[in-house]
Amino acid sequence: MLTIALPKGRVLEAATALFREAGLVAPESAPVADSSTGGAAKGGTWEDSRRLILEDSASGLRFLLAKPWDVPTYVEYGAADLGLAGKDVLLERGKAVAELLDLGIGRCRMVCAVPGDSGVTALTDEMLPFPFRVATKYPRITRTFLEHHGVAAEIINLQGSVEVAPLVGLADGIVDLTETGRTLRENGLRVIAEVLPVTTRLIANPVLHKAKQEEVDRLLERLEQVRAVRPGPGAGRTDLV
Amino acid sequence: MRSVPSADSDSLRHSLWDAGATGRLQTPTGVRDVLPAEARARRQLEAVIRETFAEAGYEEVETPICEYEEVFAAAGLVEDSWQVYRFFDREGRTLVLRPDMTAPIARLAATRLAGAARPLRLSYIGDVFRYEEVHAGRQRQFRQAGVERIGGERSVEADLEVLALAGRLLWRCGLERFRIDVGHAQLVQELVAAGQWPEREGKAVRRALRERNYVLLAELAGERSALPVEPQSPATSPPAGRLPPAGTTASLGTSAATAATASLARELVLELPRWRGGFEVLAAARARLEPLFVQRPGLAAALDELEQILAGAKAAGMQLYDRHGDPGGDRGGSSPGSHAMPSTPLVGVDLGLVRDLSYYTGPVLEGFVPDLGLVLLTGGRYDRLVEQLGGRPEPATGFAVGLERLMLARERASASR
C-alpha cells in the first residue's frame, strides 16, 4: 500500500482528475469538486469531505489530504511515501525528497512585479528603490533570486494577499505566483522579472521510493502516460536555488 | 535560518508567561541532553558496536572534536552546500567542528599513523556537527560509529570486508530487515563526463542524481542544444582502433561520433536510477553501456567491480535482492511479515546512488530499513583523500552508521514485532 499526500486547495481538483484518468482512483470513490458550482458538487467531494485520509480499495492507494506547504514534510519523514507539491513549495522548503515526475498541472509562474505607475520596468532599472522592499510568501527563493541579480532587498514575509502590499505602501514590489496575470492587473501591478516557472511535482521519500520500487514504478508509469505535458518557457530553470 | 532577535523573544516570553518571570534555560537549537534511560540504551548499543568492530579486528581511535579548516576543505566538506560550525583560535586560524569522521581519520593516517603497518583497521564512535536545519531524525550534533580500512592493496576484498561488517553490525544491533545498496562513484563520474555537458550543467547533473531530482535530470539530459558540435580536445576525439581520415571531413566525422556518444551517455544518465537489483540488472546495464567502453574504460572497470562485489557478497552468505527488491530465487513463497526473516542483509546494486560527499572514488554504500524512510548507514571507497591530506597515495574504504537513527530504527522494529 502506498500513501500519497495530496495538497488541498488550488491543485487538488486537477490532481484528482489526473489520478482518475490514470485509472488509479475509482471514479465513484472520488468525485471531483466542480468549481463552477463553488465546490459544492453532487455526491460529496474530496474538497468537501472533512475526512483527511481516504482509501481507494481498488488501486490500493491511501490519500492523505494536507496543506500544500506541509506535503514535503510528510514525505521527508516517511509519513507518506509520495506526495504532490508545487516547485515553489519544494524550493522554498528545501526538504530532502526525491522529485520523480513533473505532472504538468498547477502550472503558473513566479514573478517579480511592481506598481505600473512606478516607472520601473526591470530589475536593472536605476529607478528601482534602494533597498528594494519586496513582499512575498517565498522569502528564501526571493532572497536567492534578488542576490543573484545583485539587487539589495528588504524582504517582507507575508502569508497571503501579497498583491496588496505595494498598494498600501508596505512594499515597493512583490514576488508571487501568477496564473493568468489577472490579479496582478487588477491591482495595477506590472511584471518586471520572471523568477521561476512552477508546476506540480510527484515527490517521494528517497528511501521508501527504493523500498517500494515496484509499486512506485507502476504508479509512475501510469501517471507518465496521462500527465499534462507542455514544457513551458525556460523549463531548464528550476535549478535556481 | 535567521534567529529571532533576543528582544523579541524576551517580550514573547513575557506575553506567554508572567512578565518578569524567569524562563527556563533551554539548550541551543540542534543540540540536546541525553537523559538516563536513553544514555543507558545508547551505552548498551555502543557496547555491541565496539564488540562487533573489535571482533573484526578494527581498533578504536579518537580524534579531536575540532580540526583546522584545511582538513575538511581537502575532503570537500566546507563547500557552501556543507554547513559547518566555524570559529577562530586566538592566532586567527579557522577551526571547524568536525562534520564527518572520515576526514580526521584520513588525516591521522596521513600524519601520526603514516608509519604504522597497513592496512590500518580503525574504528570510532563520536559526535559530528552540521549546521543545517534540524530534520528527520537528525539534530545538528549527532553521533556516528564507523570503521575505516586504509592502505594495503586496492582490492575488492577490502570493499567486501567493509560491506560484510556493515551487514553484521546492523544485524547485531537487532535489525532484521534491512537493505544495503551498492553504487559506484566512478561509474557516475565517467558517465556524466561522457555526456559532455558544459561544466555548470555537469555539476547540476551530479547534484540532480544526488538529490534524486529526476525532473531536473530529465531536463538536463534532454537539452540537445547543449550537445558538443566539435571535439573538445584531441585526447577525446579519435575512437581507438580507427585512424581519423585527413582533411576537414575528419573533424566533421569525429565530432559526429563524439556527439553520438554524448547523446547516448545523456540517455543513459537518465536510466541510471532505474538500475537497481542483482546480477541481472548489472548485465542489463552492461549491455546498454557497452558502446561507451572504448572511450570510457572506467565504466567497464566499475561494472566489473560491482559484479565482483555481488559475487563476493553472495559467496559470503548475503542475500541478493532482485529488481523487485525481493530476495532473489526464493520469491513468491515468502510473504512479508512471515517469521522466516532473513538473518543477513539484502544486498543489491543501485547504479544511480550518489552520496553527498565528494571524496568517494569507487564503490559506495547506503543501508536502510525498508519501513523507515531514513538512511542509516553510508560509506564507500575514497582512494585519494589520504594523499590530499598530505599522506602517500593509498586506497581506503569505510562506513559510518548514525546512532540516533539506528536507535529509532530499533524502536520501530521492536514496536512492530
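Biologist: How many salt bridges does the rule find across the interface of chain B and chain A?

Modeller: Bear in mind that this is a predicted model. The rule finds three salt bridges across the interface of chain B and chain A. One to look up is B:Asp350 with A:Lys210, whose side chains meet at 2.8 Å, N to O.

Biologist: And how many residue pairs are in polar contact across the interface of chain B and chain A?

Modeller: Ten residue pairs, with both partners at pLDDT 80 or more. On the chain B side, the elements that each supply at least two residues touching chain A are strand E7 (179-184), helix H7 (199-210), helix H8 (214-222) and strand E11 (363-368). H8(B) gives the most to that side, with four residues.

Biologist: How do I read the interface area? What do chain B and chain A bury between them?

Modeller: The general idea first: interface size is often given as the accessible area lost when the parts come together. In this case, chain B and chain A bury about 2,300 Å² between them, and 46% of that is on carbon and sulfur atoms. As for who takes part, the contact draws 31 residues from chain B and 25 residues from chain A.

Biologist: Let's turn to rings. How many aromatic pairs does a search of the whole structure find?

Modeller: Seven, over all chains. Take A:Trp69 and A:Tyr138: their centres are 5.5 Å apart with 35° between the planes, which makes the pair tilted. This pair links distant parts of the chain, 69 residues apart: A:Trp69 is in the loop between strand E3 (61-66) and helix H2 (71-76) of chain A, and A:Tyr138 is in the loop between strand E7 (132-136) and helix H4 (139-148) of chain A.

Biologist: Why does A:Tyr138 count as buried?

Modeller: You compare the relative accessible area with a cut-off: buried means under 20%. A:Tyr138 has 3% relative accessibility, so A:Tyr138 counts as buried. A:Trp69 has a relative accessible area of 27%, so A:Trp69 is partly exposed.

Biologist: Why is the pair of B:Phe53 and B:Phe399 edge-to-face?

Modeller: Look at the angle, since planes over 60 degrees apart count as edge-to-face. The planes of B:Phe53 and B:Phe399 are at 65°, with the ring centres 6.2 Å apart, so the pair is edge-to-face. B:Phe53 lies in helix H2 (residues 36-55) of chain B and B:Phe399 in strand E13 (residues 396-402) of chain B, so the pair ties together parts that are 346 residues apart in sequence. Both B:Phe53 and B:Phe399 are buried.

Biologist: Which residues do ring pairs link into a cluster?

Modeller: B:Tyr85, B:Phe129 and B:Tyr131. The ring of B:Tyr131 also has the charged end of B:Arg140 sitting over it, 4.3 Å from its centre. Elsewhere, B:Arg93 lies over the face of B:Tyr68, 3.7 Å from the ring centre.

Biologist: Now a single residue. Where is the place of B:Ala409, and is B:Ala409 buried or exposed?

Modeller: B:Ala409 is in helix H13 (residues 403-415) of chain B. With 3% relative accessibility, B:Ala409 counts as buried. Set aside the neighbours within four places in sequence, and B:Ala409 is in contact with B:Leu175, B:Val369, B:Leu372 and B:Leu376. B:Asp371 is 38 residues away from B:Ala409 in sequence, with 8.9 Å from C-alpha to C-alpha.

Biologist: What does the secondary structure of chain B come to?

Modeller: 13 helices and 13 strands. Of the 417 residues of chain B, 50% count as buried. Among chain B contacts between residues at least 6 apart in sequence, 71% join residues at least 24 apart.

Note on methods: Residues are numbered from 1 along each chain as its sequence is written. Chains are lettered from A and ligands numbered from 1 in the order in which they are written. This is a predicted model: local features need pLDDT of at least 70, side-chain atom pairs count only at pLDDT 80 or more; totals for chains, interfaces and linings use all residues. Side-chain values use heavy atoms; hydrogens and water are left out. Rings of Phe, Tyr and Trp (its six-membered ring) pair if their centres lie within 6.5 Å; planes under 30 degrees apart count as stacked, over 60 as edge-to-face and the rest as tilted. Buried means under 20% relative accessible area, exposed over 50%, partly exposed in between (1.4 Å probe, protein chains only). A charge sits over a ring if NZ of Lys or CZ of Arg is within 6 Å of the ring centre and within 35 degrees of the ring normal. Contact means heavy atoms within 4.5 Å. Buried area is the accessible area (1.4 Å probe) that two parts lose on being put together, summed over both. A salt bridge is a side-chain nitrogen of Lys or Arg within 4 Å of a carboxyl oxygen of Asp or Glu. A polar contact is a pair of N or O atoms within 3.5 Å; within protein, one must be able to donate a hydrogen and the other to accept it, and residues adjacent in sequence count only if both atoms are side-chain atoms.
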